[in-house]
Amino acid sequence: MTTTTALIRRVPSSAMFITSTATGLWKTCSRSWRARNGRKNEMKGFTQREQTMLSRFYPDGTLPFDGDRMTVTHEGSGVAVSCINGEIAVRLGRESYFGRALTLIEEGLAAGGDFSVEETPAYHDLGLMADCSRGAVLNRDGFQRLVMRLSRMGYTVLQLYIEDVYELPDYPYFGWGRGRYTAEDLRWMDDYADSFGIELMPAIQTLAHLRQVVRWPAFRDVHDLDDILLAGEEKTYELIGAMFRQFSSCLRTRRINIGMDEAHLVGLGKYLDKHGYRDRMQIMLDHFSRVYELANQNGLHPMLWSDMFFRLAAGGEYYAEDCKMDPRIAETIPQDVSLLYWDYYSEKKSIYDNMLDRHAEMTKNIIFAGGAWKWLGFCPNNRFSFRVTKLAHESCVEHGVGEVLVTAWGDNGGESSAFSILPALQYWAELCYAGNDEEESLKRRFAFACGGSWDDFLLLDEPHLTPGNLENRCSVTAHRYLFYQDVLQGMFDAHVEPDSYAAHYHGCAERLEEAAKRGGEWAFLFETEAALCRVLEIKCRIGIDLRAAYLAGDRGEAARLTGEILPDLLARIERFAKLFRRQWLAENRSAGLDLFDVRVGGLKERVKAAASRMEAWLSGEMDRVDELELPRLPYQGHEPEPGREDLTMMNWNRVVLPSEIGAI
């Protein structure tokens, strides 16, 4: 699918798309963009949108090629670029491919000599879903940077997952204090994305996942239970109608993701009190029909997650191999509705094959949603994303899936940077366009599309790869629970081998610090995570060491740990918090950062309290430290297997203390 007549060598990155090594190679052919403004006849075949893209990719006015010797044609279904004797030809099936074409051109020019590349995408649309509902709401700088990177990779769709993070007229409590987008914000983002040919699409919720909405008494009348809206209630449909009117008036797209996933308790709260028990599949279908009608009234065509149709038919299981689909589903789903099959975990291709077959029984409009793993705390897991992406892609191609959406969830605080998963996004793009996941090719393409080092970005994964996670299992979160857990009570100490874990985090910190020195515009990512690892190299063992000294009656060691190590730990936490706030505000609105401040503030106070209690014991003011008397129990109730000590524990309120502190 891809042919290249010249070997494209790897070059280091700089702050912009043009790499430092390539800049020298291009000096002889670079021409001023600004000098060409207003002289459309010299830009052969360029559309207005493509000229706008050029001005945004090269804001200093210098192109990495001679625009007078570049011709763009618009035909076919893919993207093709070539440079023969200095004449550059670009053929585009869609304007939205132009960003990727520029990446291919820069890569080819950097290698020197003639080159030719032709690609036919495996899917009609490749999209990203950015989660703005878990605290991290993209600000304008973050949004612009993300759109530019997506364009350079070849993405054509950007969904914003915004449960309540948008302004809704007549509903002042909806999204209050959550960094919600105004109508003006939405129109600005839509205009900006459209200037790159990227469809900006809202991904909202019209049934469940609305906990931050129904917490307010103002929504009492539309609340069933948990985070679920009350189906069958007219006020519910008035609210949903307001949602649709907002997006219909603010965005170009006529497509909308209406959610409706994971409504596990639908019909079992206030609905049950009002109507008695009803068949829950029928409740879902009736609710969907009303929502669909409202969407159509506002000129919108919905897509929705498919899992509840499976769960209600298979006793709560989504990936049931022998699930028999309820014929009422196919009868209810209109022809213009798409079902989203999401799967971020499966490591067997047969599971994807079976699920796509089951979806085909309900509709021909299937969108596959994979995952770029950034919902495990502060660190991404690009490597696991690669593992499951290849299997999912192969199955999607075989089943003729025309659209793929890569989800980037931010569970429990949105702590990972939106840009930490750029390798996973590039991996999807290369499978889609080039059918190629050869590592050296990925490294070269990443340098030009994202302006960074592939190898350095994969260092961001490494805190996950502890001695207790030798198999790189997908959901283990040691770095997060070891960061947040209480120093004295150590709920997860039984899962840590202190010497090897401390050495692991020390090594991660050193490698990330070196990456930061050469990181260019991405240096802040490496600096932040290096600071986290400097915390963890102490914190992963400090509770274990304190308890050992205390039980042994070694007051000298206890005094050293209390007087030297705990203050050092506190200083490292302060440094990490400062860098994390810088990273957050570089890409997100300030809303949501309050949650981190509360969490890290509690952590610092508990470190101070630990020092105070140890000092009281050392001085004789206390004769025992009750927390250190407690045995350290394995969290799961059994001794962990070697190499599998790490656990899947995400929610902060469940990892920080044994005391009840509520789900924040």
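**Entry 1: strand 10 and its neighbours**

I began with strand 10 and found that four bridges join this strand to strand 11 (residues 366-371), the two running parallel. I noted what the terms mean: helices (H or I, at least four residues) and strands (E, at least two) are DSSP runs, numbered from the N terminus. Two strands pair if DSSP finds at least two bridges between them.

Before going on, I reminded myself that this is a predicted model, in which local features need pLDDT of at least 70 and side-chain atom pairs count only at pLDDT 80 or more, while totals for chains, interfaces and linings use all residues. Residues are numbered from 1 along each chain as its sequence is written, and side-chain values use heavy atoms, with hydrogens and water left out.

Which residue of strand 11 is the bridge partner of Leu339? I found Ile366 there. On strand 9 (residues 301-305) I saw parallel pairing with strand 10 over three bridges. Here Trp305 has Leu340 of strand 10 as its bridge partner.

Next I checked how covered strand 10 (residues 338-342) is, and five of its five residues turned out to be buried. Buried means under 20% relative accessible area, exposed means over 50%, and partly exposed lies in between (1.4 Å probe, protein chains only). I looked at both faces: Ser338, Leu340 and Trp342 are buried on one side, and Leu339 and Tyr341 are buried on the other.

I then turned to a sheet of four strands, which is open, has the order 1-3-2-4 and shows mixed pairing. Which strands sit at its edges? I found strand 1 (70-74) and strand 4 (115-119), each pairing on one side only. Direction ignored, neighbouring strands of this sheet are turned by 10° against each other on average.

Within the sheet I followed strand 2 (residues 79-84), which pairs with strand 4 in the antiparallel sense over five bridges. One pair I picked out was Cys83, whose bridge partner in strand 4 is Phe115.

**Entry 2: helix 18 against helix 19**

Two packed helices are described by the angle between their axes and the distance between the axes. I looked up helix 18 and helix 19, which pack at an angle of about 165° with their axes 8 Å apart. Axes are lines fitted to C-alpha atoms, for helices over the stretch in contact, and angles run from 0 to 180 degrees between N-to-C directions.

That makes helix 18 and helix 19 roughly antiparallel to each other. My note on the wording: angles under 35 degrees count as roughly parallel, over 145 as roughly antiparallel, 65 to 115 as roughly perpendicular and the rest as oblique.

I also recorded that the crossing of helix 18 and helix 19 is left-handed, meaning that the near helix is turned anticlockwise from the far one by less than a right angle, with clockwise giving right-handed. The residues of this contact divide into 16 nonpolar, one polar and eight charged. In that count, Ala, Val, Leu, Ile, Met, Phe, Trp, Tyr, Cys and Pro are nonpolar, Asp, Glu, Lys and Arg are charged, and the others, Gly among them, are polar.

**Entry 3: salt bridges**

Side chains of opposite charge can pair when their charged atoms come close. How many salt bridges does a search of the whole structure find? I noted 62, a salt bridge being a side-chain nitrogen of Lys or Arg within 4 Å of a carboxyl oxygen of Asp or Glu.

Arg534 is in helix 19 (residues 523-552) and Glu513 in helix 18, 21 residues apart. Arg534 is buried at 18% relative accessible area, whereas Glu513 is partly exposed at 31%.

Next I looked up Glu234 and Arg290, whose side chains form a salt bridge at 3.0 Å, N to O. Glu234 lies in helix 7 (residues 234-250) and Arg290 in helix 9 (residues 280-297), so this pair ties together parts that are 56 residues apart in sequence. Both are partly exposed, Glu234 with a relative accessible area of 44% and Arg290 with 28%.

My last pair was Asp493 and Arg632, with the closest N and O atoms 3.5 Å apart. Both residues sit in loops, 139 residues apart. Asp493 is buried at 7% relative accessibility, and Arg632 is buried at 18%.
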